[in-house]
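Please read these points with the model open beside them.

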Amino acid sequence: MKQVGFFQSIRLKFIIIITLLLLFPIQVIGAYFSQQLETKLKENFEESITNNVDILNIQLEQAFSKERTEDGQTLEEEVQSILSDFNADNITELLVINSNMRVIGATEDTDQSKVGKRLPLPEIQRTLMLGGAEPDTKVNQQGHRIMVRTYPIYQEKNNQDKENVEQQDVVVGVIYIKASLEGVYGQLQDINRIFANGTFLGVSISVLLGIVIARTITKPITEMRKHAKIMGAGDFSQKVNVYGQDEIGQLAVSFNELNDKLKISQATTEGERRKLSSVLSNMTEGVMATDHTGAIILMNEPASRLLGKEIEDVQGESLLNVLSINDRLDNITDLHDKESIIIDFSEGDQQLLLKASFTVVQYEMEEMNGYITVLSDVTEQEKIERERREFVANVSHELRTPLTTMKSYLETLTEGAWQDKEIAPRFLDVTQNETERMIRLVNDLLQLSKMDNKDYKLHKEKVNFIGFFRTVAERFEINQDDHIHFEHHLPDKEVIVWIDKDKMTQVLDNIISNAIKYSPEGGTITFHLEVKKQQQKLHISISDEGVGIPKEKLEKIFERFYRVDRARSRNLGGTGLGLAISREMIDAHGGEIWADSKEGEGTKVTFTLPLLKQPQGDEE
Ligand code: ADP
């Protein structure tokens, strides 16, 4: 979250508002006060001047009105003597002017050169004519403000005059005064300065108070802001302080309540998420969820393993693309009609068949929300199913061939060939052979079916394999009238193994009879038994000098019904199940079986058996 700069902060706005609210009335009051004060001070000043001048005026009225004799004091002299006694502060210039506007006297402080000169100033003229003039304020050469005032000197009225009320006042002279207003303005300036200082102090205190008050408002807001940030990061463990019961306090209380509710709902959501995640990851099936457009939004671990793709790689990808079924389905909505699809993910030898089952996620009254796909590995299942189908087909085929042969031979016999002494015994011989082969086939099938049964058990016993092998091999050797030679490479000592003798006899019968079947006339069959001490195993190999088996088919000869040369094997009476049964039996004994061969040179079939160290109890 971005930090709020000081210039954008509520604190600054608050301080500015407080300052402006304070400054505005102070300014108005200040202006009014200053103006009123100036007027009042000026009035007082004028009054004090007038008071001073009034006494002087009475004296001057008397002097102007006095009858003058030749030898007596002149008006000018008397005026001067009156003025010499006059003393008033602030009056910088005082002139007494007669009706001819000539200066007849001046105070000591005044420029004496003006005495005797005419001073035809408009205000003097006005006073002489009208008995008064408005006071005027001027600025002198030194830049000082001065007040200029004129006072009329009236002709003193005698008793006769006083009675004659209607007689008008006659102005006989003028007192012209200049008084310095600097004292008044100085005083005003001092007061204004005090006012300004007071304002400054008041505003400063208000700003400080504003800062403190703004802090009390912004502090909880800032705290809530920080807290909201922490909440946003998923931490609901803290609470904001409630500083009071005002609106901000109420907001803090509501904020804490919200925090508590979010904490509970987050814990619930988290719990549900964990449950879902644990269910999903502990499932053996892969699960994928998509939105309504078919874009993948969730995939569990098993699905990721089955598809060999990480969730980050497929998130947002189309389900149809990821499952490589876009050639089978044009649109994701086609899934509505599909319950499941088998998808082949095989690569090279690695077989992988996945069954994808689809469910449409739809809430009541709402639009379609998405799809859930469950993936399960059906490779093994499909393999078993395919093998089962192949097996049934093979069995049917194997049984049908001898039956067809027998049918045609028997038909020929029925049609009259039975009377033919030459054909009849041959035909009957063929049908007998076919019957025997069928019996062998059914027996082999029964044997395999028994071994497929889970309850199938071996009856193992402690056996010296050398002696046992000799007995089995002898049966074959006796039956071969020097057509085939046998060579033995057997250890001298006893080799003890833990085997089911019947089953092992069957294994050896199968391998040795194959060796004889595929050996050429006069060929040699070699038996090689060797103890591999390190591996604690006995290796038994039976080699012939027969037709051999192509390299790529060496593994396949152990599969059910597999024959390298089908016709040849059938002619030799084989069922194609001998080696398959042998492998099952060797597996059950804890050994391995394989074949090595060179085409045209011969085949060597080898199997191993674990050696017995200590005799063990019967394994039932
Ligand atoms: P069959 O009954 O056909 O012999 P087996 O399961 O015993 O069936 O053998 C499977 C196939 O393996 C035979 O059909 C044959 O093609 C081949 N085979 C087995 N042993 C030999 C061998 N010694 N030499 C050549 N081919 C052999």
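1. A residue is near a molecule if one of its heavy atoms lies within 4 Å of it. Of the 20 residues around the ligand, those that come nearest are N514, D544, S569, T575 and L579.

2. This is a predicted model, in which local features need pLDDT of at least 70 and side-chain atom pairs count only at pLDDT 80 or more, while totals for chains, interfaces and linings use all residues. Residues are numbered from 1 along each chain as its sequence is written, and side-chain values use heavy atoms, with hydrogens and water left out.

3. The domain assignment, automatic or from a database, gives domain 1 (11-188), domain 2 (235-272), domain 3 (283-375), domain 4 (383-451) and domain 5 (457-610). The centres of domain 3 and domain 4, taken over C-alpha atoms, are 49 Å apart.

4. The shell divides into 9 nonpolar, 7 polar and 4 charged residues. Here Ala, Val, Leu, Ile, Met, Phe, Trp, Tyr, Cys and Pro count as nonpolar, Asp, Glu, Lys and Arg as charged, and the others, Gly among them, as polar.

5. Polar side-chain atoms lie 3.4 Å from a ligand oxygen atom in Y518 and 3.3 Å from a ligand nitrogen atom in T603. A backbone N or O atom of V564 lies 3.0 Å from an oxygen atom of the ligand. A polar contact is a pair of N or O atoms within 3.5 Å.

6. The protein covers 97% of the 520 Å² of accessible area that the ligand has on its own (Shrake-Rupley method, 1.4 Å probe).

How values were computed: Polar contact = N/O pair within 3.5 Å; in protein donor to acceptor, adjacent residues only side chain to side chain.
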